[in-house]
Amino acid sequence: NQLQVLLVARSMDAAKLVDTALQGKPKGYLEQRHTVFLADISRMPKVIATLFALPKMRDYNYRILLDRDARITPRYPVDATSVLWLDLRDGKLQGQRSFTDASELAQALEAVAPQ
């Protein structure tokens with residue numbers, strides 16, 4: 001019920017957009033804003049994911065929920081190059097928008113009041 005924003009990336013390009021928007025942000029930045037980042041990595045070859053991508057992701061200053069088998073992210077209608085922003089209040093969808101620009105996404109995240 002505390003979740004305010006769900007960010008959904010269905011491609012590597014969209015995930016990179018989120019990473020760019022979060023560059024320089026302190027550890028816990030998303031958590032303070034009750035924001036969760038969900039990334040679809042189902043198209044990534046398992047060998048590459050295991051050897052390269054997952055170890056790199058562990059070094060990020062934010063958490064990522066990984067959809068390894070595309071069970072969750074296909075439910076969200078968003079272009080593969082965009083990041084879907086779902087605005088939630090008490091577990092209910094209040095609105096949605098999508099971002100294709102990292103600076104606009106960073107500004108939107110700044111506008112979410114830290115809790």
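Modeller: Strand β2, which spans residues 35-40, is mostly covered, with five of its six residues buried. Please keep in mind throughout that this is a predicted model.

On one hand, β2 is paired with strand β1 (residues 5-9), to which five bridges join it, and the two strands run parallel; within this pairing, V8 stands opposite L38 of β2. On the other hand, three bridges join β2 to strand β3 (residues 65-67), again in a parallel arrangement, and here A39 has L66 of β3 as its bridge partner.

H34 has a positive phi of about 50°, although it is not a glycine. Most residues other than glycine have a negative phi. Because its relative accessibility is 19%, and buried means under 20%, H34 counts as buried. A second residue with a positive phi is D90, at about 55°, and D90 is not a glycine either; it is found in the loop between β4 (83-89) and β5 (92-99). With a relative accessibility of 59%, however, D90 counts as exposed, because the cut-off for that class is over 50%.

To set the strand in its context, the protein chain holds four helices and five strands, and, read from the N terminus on, its elements follow the order β-α-α-β-α-β-β-β-α. Of the 115 residues in the protein chain, 42% are buried, while the accessible surface comes to about 7,000 Å², with 50% of it belonging to carbon and sulfur atoms. Among the contacts between residues at least 6 apart in sequence, 72% join residues at least 24 apart.

One example of packing between helices is given by α1 (residues 12-21) and α4 (residues 102-111), whose axes are 8 Å apart and which pack at an angle of about 55°. Because of that angle, α1 is oblique to α4, and the crossing in which α1 passes α4 is right-handed. The residues that meet there are L17, V18, T20 and A21 from α1, and A102, L105 and A106 from α4.

Key:
Residues are numbered from 1 along each chain as its sequence is written. This is a predicted model: local features need pLDDT of at least 70, side-chain atom pairs count only at pLDDT 80 or more; totals for chains, interfaces and linings use all residues. Side-chain values use heavy atoms; hydrogens and water are left out. Buried means under 20% relative accessible area, exposed over 50%, partly exposed in between (1.4 Å probe, protein chains only). Two strands pair if DSSP finds at least two bridges between them. Contact means heavy atoms within 4.5 Å. Accessible areas come from the Shrake-Rupley method with a 1.4 Å probe; for residues, only the protein chains shown count as cover. Axes are lines fitted to C-alpha atoms, for helices over the stretch in contact, and angles run from 0 to 180 degrees between N-to-C directions. Angles under 35 degrees count as roughly parallel, over 145 as roughly antiparallel, 65 to 115 as roughly perpendicular and the rest as oblique. A crossing is left-handed if the near helix is turned anticlockwise from the far one by less than a right angle, and right-handed if clockwise.
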